[in-house]
There are 2 protein chains.
Amino acid sequence: MSALSFEILATDANGYARRGRMQLAHGVVETPVFMPVGTQATVKSMTPADLTDDIKADIILGNTYHLMLRPGADLVEKMGGLHRFMGWERPILTDSGGFQVWSLGELRKIEEHGVRFRSHIDGAEVFLGPKESMEIQRKLGSDIVMAFDECTPYPATYAEAEESMQMSMRWAGECREHLPVNETQALFGIVQGGMYPELRIKSLQALSAIDFEGIAIGGLSVGEPKEEMMAMLDALAPHLPVDKPHYVMGVGTPDDLIEGIDRGIDMFDCVMPTRNARNGTLFTDDGKLNIKNLCHAEDPRPIMHDCDCYTCRNFSRAYLRHLYMAKEILSSRLNTLHNLHYYCTLMQRARDAIAEENWPAFRHQFLQRYRGKA
Amino acid sequence: MSALSFEILATDANGYARRGRMQLAHGVVETPVFMPVGTQATVKSMTPADLTDDIKADIILGNTYHLMLRPGADLVEKMGGLHRFMGWERPILTDSGGFQVWSLGELRKIEEHGVRFRSHIDGAEVFLGPKESMEIQRKLGSDIVMAFDECTPYPATYAEAEESMQMSMRWAGECREHLPVNETQALFGIVQGGMYPELRIKSLQALSAIDFEGIAIGGLSVGEPKEEMMAMLDALAPHLPVDKPHYVMGVGTPDDLIEGIDRGIDMFDCVMPTRNARNGTLFTDDGKLNIKNLCHAEDPRPIMHDCDCYTCRNFSRAYLRHLYMAKEILSSRLNTLHNLHYYCTLMQRARDAIAEENWPAFRHQFLQRYRGKA
C-alpha cells in the first residue's frame, strides 16, 4: 500500500482547477493547499498551535539542506523524527536539498552522483546526492519526500537545459530505488527542462515511467518573467497525470496561486508570506500593504476588516506599525500569523469555489481586485 | 471612591508575608504578584492571549519613558489608551519614566522641576517632571500610576542620598496634586533614601502624609550587594502601612521574590524572566539552566518535568537548544513563555502557601532547592 492516496472531489467544468483530498501517514490534506515553510524545524515565529488552531494549515514544509546541517538528520531521528522533534502532528513535506545546494552558487560543485558543497554554518565539506537525500529524508520521517534534482539555471540554452534535465531524470530513478514504495513516506518526482516546453514534456514522460506518488514542477520562479512561468504551466497542464497531486515548487504570490490552481496545480509552498511578514509587508484582497508607511500610524482599523485571524481580531494597523518601528518580536509574529492565515484561507476559498462550481467567477473577481490595487 | 481597594486574605502568623487581593479599574490582582514587563506596549514576543491563557498574568507593566517617545502618549490616547492599543484588558501599571531617564547618565540633567534629556530614538530634547509624568500616564490610562522620583545613585553619601530623597518627596506631593484621587487611576508613592535605613523611614513618613493608594520601594537592585537590599527590606518591613499594597521595583530573581514576600512585599516586576529567556537562560526550581549548553543537545526532557506551560508540555530541551542555536524567533518566544509562566506560577505557589499557613516551610524548601543547584 502506498503512503499517499489522492481523491478528486470536484473539477472546474471548463478547465483544470480541481478540489481534492490527500491522505498521508499523518493526516488528511485538502487541496488546493498552501504549505507554510518551516525551514529549520519551525515555521518562523509560529508554534504548531498557531498553525493548527488559527492558520488551519494541513501540511508544512521542512528543508532537508538546513536540517541536515543543523541539528543534523541523526539527531532528529534520535528525537523521534521531525514531527515529534518540532511538536507538529500533521503531515510534513521535505524538499530534497537540491534547490538550496544549487543556490549556493560558487560554493558548490555538481558531479554525476550529486553535489559537493561547503556548509554555510561551519564550512565543512558535505556531499548530497539522490542516495544521501533519500537517506536523510527517511531519517526526518516526512510524509512526502521530494526527489533530488538539479534546478536548471535561468536563462539556459536548450542544450544546457536538456543535459540538466536528463541528469535530474537519472537521479529521479535512483531516488525511487533508494526509497521504494512504502506505507509511510510518499515520493514525488520533479519536472525540469528550463523554459522549453518540449523538454518539460519529455521530463514528465520520463517521470511517468517511474512510480511516483505525485508530480512536482521545479525550476520555476527562478527569475523568469511571470508570463513565462504561466505559459509553462499552460503547456504542462494537459499532460499532468490527472490522478496524482500536482505541486509547483516555491510559488508564489496570492495571484500566482490562483493562476496555478487554474492550471491544475494542487500544492504550493513559498517563503513569501513568512518573509514578507517580517519585513512589514501584509497581504490583503486589495493587494499588499506596507505597515511601515506613515499612513497607518493613526489607523485604528485591522489589516483586513473581514479577516478572522488573531491579529485582525485584536490589533489595529497603528499598533502593528508601532511594533514594526520599535523592532519588536511580536511584530514578526502577528504579521506572520496574518499572512499565513491569509494564504491558507485563500486556498479554502478556492476549494469552496471549485466545489460550488463557481471557480471562473471567483478567479476573475479575485484577480481583478487583487491586481487592481497591488 | 479610590481606583484601588486592597484586602488582605491571610498573613503568615510569625512574619510579614501576606496573601492579598487588589481591585483595580480593569480587574482583580491576586497578591503576591509578579508583573511581566511590557516596555514598548508589548511584553516582548508574547501576545495578550499568551499572558492570560498560559502565563495567567493578572497585571503587566508599561514604561512611560519608552511610550512617550514612541509611539507617543497622544497617539496612545487617541487609540483609546494603552489597554485598547495593545489589546490587553486586565490591569496595567506604568512607571513614571524617572528611572529610565536617570539611567541615561550623561545624557540627562536633573533640575528642580524634573529632568531634561535627549531621546535615545531621535536625539530630540525632552523634559520630564512630576507634572509631565502624571499627564502622560493619564493619557496612557494605566490602572496604577507611579510617582515621578529620582533614583538615588549607588553608592551615595548620606548627604547626597538625603538631598535626592527630599527632592523625590517634594515631587511625590506634586504628583498627587496633578493626579488627585479618582475612580480609574491609583497613584503609588516611592520610598527613596539610598542605603540609609534612617532616610528610608523618613521617606516613608513623608509619603504617609500624602494620600497614596500604594507604597513602592525604589532605588534597590541598582548594584548593591544582595544582603544590603535584603537588610533594607528588613528595616522597612515593620514600618510599611499594613493596609496598602507594597511594591519593590525592578526585583528580581526567583529567590529575591520569595525573600521579598517574606518581608511583606506584595508586588514585583523585573525584566529578568523576559530578557534572560531571549539569552537562553531558563528558570527552574533547581536554579537557572542555560539552553545553549551542549549537554542539552540530545536531551528529550522538557525544561521542567512538572511545569504545565505550553513550552514544557510540547518541546524537548534538544528542540529548544536547536531553536536557540539556529537563532529562530520561536526560541525567544518559547523561552519567554516558560520563564514568565515560572515566575507567575511561583507567585501562585507562594499565595497558596501563605493561605494554607505553610509559608515558612515553603520558603525554606524553595530556597534550599533553588540555591542548592543555582
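In the predicted model described here, A:C309 touches A:D54, A:H338 and A:H341, leaving aside residues up to four places away in sequence (contact means heavy atoms within 4.5 Å). A:C309 lies in the loop between β16 and α12 of chain A; helices (H or I, at least four residues) and strands (E, at least two) are DSSP runs, numbered from the N terminus. With a relative accessible area of 0%, A:C309 is buried, where buried means under 20% relative accessible area, exposed over 50%, and partly exposed in between (1.4 Å probe, protein chains only).

A:C307 is found in the loop between β16 (287-290) and α12 (310-314) of chain A. A:C307 also counts as buried, at 10% relative accessibility. Apart from residues up to four places away in sequence, A:C307 touches A:C312, A:H338 and A:H341. In the unreviewed UniProt entry, the annotation "binding site" covers A:C307, A:C309, A:C312 and A:H338. These positions are spread over 32 residues of sequence but cluster in space, the largest C-alpha distance being 8.5 Å. UniProt positions are given in the numbering used here, feature names are shortened, and annotations may be inferred rather than shown by experiment.

Chain B can be laid on chain A by a turn of 180° and a shift of 0.0 Å along the axis, with an RMSD of 0.0 Å (least-squares superposition on the C-alpha atoms of residues with pLDDT of at least 70 in both copies). This is the relation of a two-fold axis. The same surface serves both copies, as 100% of the contact residues of chain B recur in chain A.

The contact takes 39 residues from chain B and 39 residues from chain A. The area buried between the chains is about 3100 Å², of which carbon and sulfur atoms give 60%; buried area is the accessible area (1.4 Å probe) that two parts lose on being put together, summed over both. In chain B, B:H322, B:I329 and B:R333 lose the most area to chain A, together 19% of what that side buries.

Between chain B and chain A there are 6 salt bridges, a salt bridge being a side-chain nitrogen of Lys or Arg within 4 Å of a carboxyl oxygen of Asp or Glu. B:E328 forms a salt bridge with A:K44, with the closest N and O atoms 2.6 Å apart.

Residues are numbered from 1 along each chain as its sequence is written, and chains are lettered from A and ligands numbered from 1 in the order in which they are written. Local features need pLDDT of at least 70, side-chain atom pairs count only at pLDDT 80 or more, and totals for chains, interfaces and linings use all residues, while side-chain values use heavy atoms, with hydrogens and water left out.
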